[in-house]
Amino acid sequence: MIETRFLQLAQAAVDALKWEVSFTPKPGLVDAISNGSHTDMDIGLFFKSADSLLNSFTEIAMKSYQHPLDLELREEIGRIGRIAEKDMFEATDGINTHKGAIWSLGLLISAISSQETSDIEEILMAAKRLARLPDKNVILTEKTHGMVTEQKYSLTGAKGEAQNGFPNLTKALSFRSDQDDSDTWMRRLLILYSNVDDTNIVYRSNLKVLLEFQTLSEKIVQTSSDILDNPDFKKLEEFTEKYNISPGGCADLFAASYFLKHL
């Protein structure tokens, strides 16, 4: 019975990743009708990538079950996370589709299983504690996009988001509606677009482009009319095309928000 629960938790994370890439439209990102700012990715590749993570997500849930939030657990889920990355790259022929999502969802799965809770506040607090613990086994052969932008702009990316307790994920989920429909989720996505200092955008462009992207997204999310009928939404799509930017960090948090909302 307990083993079934581990698998169900992992499958929920995989399903959240598939839901995220299927959600349409998402300016700059791969969705059901567009490859966004990517020439090497499509929805089918994301589905293959998501499926490749099931075993690792299940193992994270198993290893974390009733385990204290300590250094031993942090290093163990880090080890499994690196296996997940290897499986992802094998499934995608070397294309990075879900590296950030492995980090975020891995922490959340571990927190849920360790604390045996579905309370979002408790989950985020536990994930924050884990993210702040060091993993001595991390060996970097080259600088990541996050490291480059942190050095240049002092942006901490996905690492900082988790170590601060996922504040932008909380902001997105704080938007409530009587109907949990596509417009509600579009507004949640735009809240992420408005607030996340997405290192994927900065790496492809610069800080000025990120700030313009956030400002335009914030303007749209405050509209009372249908999001897709707002002419500024078209401007946002054109903006992502002009600068060839992809808010991949927002996509990871979008999947994580869906995962938590549907626990």
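**Entry 1: the second largest pocket**

I started with the second largest pocket of this predicted model and looked up what lines it: 15 residues do. Ile120, Glu121, Leu124, Thr170 and Leu173 are the ones that lie nearest its centre.

Next I checked the space in there, and the second largest pocket comes to about 310 Å³.

Which helices each supply at least two residues of the lining? I found α6, which runs over 120-131, and α9, which covers 167-174. Of these, α6 gives the most to the lining, with five residues.

I also sorted the lining of the second largest pocket by class. I got six charged residues, five polar ones and four nonpolar ones.

**Entry 2: helix α10**

I moved on to α10, residues 182-195. I wanted to see if its length made sense. At 1.5 Å a residue, its 14 residues should span 20 Å, and the C-alpha atoms at its ends do sit 20 Å apart, which agrees.

Then I asked myself how many residues of α10 are buried. The count is 11 of the 14, so the helix is largely enclosed by the rest of the structure. I jotted down some of the buried ones, among them Trp185, Arg188, Leu189 and Tyr193.

Two of those names turned up together: Arg188 lies over the face of Trp185, at 4.5 Å from the ring centre. I noted again that Arg188 and Trp185 are both on the buried list for α10.

**Entry 3: aromatic rings**

I looked for aromatic pairs and the structure holds 10 of them. I took down two.

For Trp19 and Phe23, I have ring centres 5.4 Å apart and planes at 50 degrees. Planes count as stacked under 30 degrees and as edge-to-face over 60, so this pair is tilted. Trp19 and Phe23 are both buried.

For Tyr193 and Phe213, the ring centres are 4.9 Å apart and the planes are at 45 degrees, so I put this pair down as tilted too. What does the pair tie together? Tyr193 lies in α10 and Phe213 in α12 (residues 207-221), so the pair links parts that are 20 residues apart in sequence. I checked burial here as well, and Tyr193 and Phe213 are both buried.

Definitions and conventions:
Residues numbered from 1 in each chain as written. Predicted model: local features only at pLDDT ≥ 70, side-chain atom pairs only at ≥ 80, totals over all residues. Heavy atoms only, no water. Phe/Tyr/Trp six-rings, centres within 6.5 Å; stacked < 30°, edge-to-face > 60°. Buried < 20%, exposed > 50% of the residue type's maximum accessible area, 1.4 Å probe, protein only. Helix = DSSP H or I, 4+ residues; strand = E, 2+ residues; numbered from the N terminus. Lys NZ or Arg CZ within 6 Å of the ring centre and 35° of its normal. Expected span 1.5 Å × (residues − 1). 1 Å grid on protein atoms, 1.4 Å probe; cavity = no way out; pocket = protein on both sides within 12 Å on 5 of 7 lines; lining within 4 Å. Points joined across faces, edges and corners; volume = space filled by probe spheres on them. Nonpolar A, V, L, I, M, F, W, Y, C, P; charged D, E, K, R; others polar.
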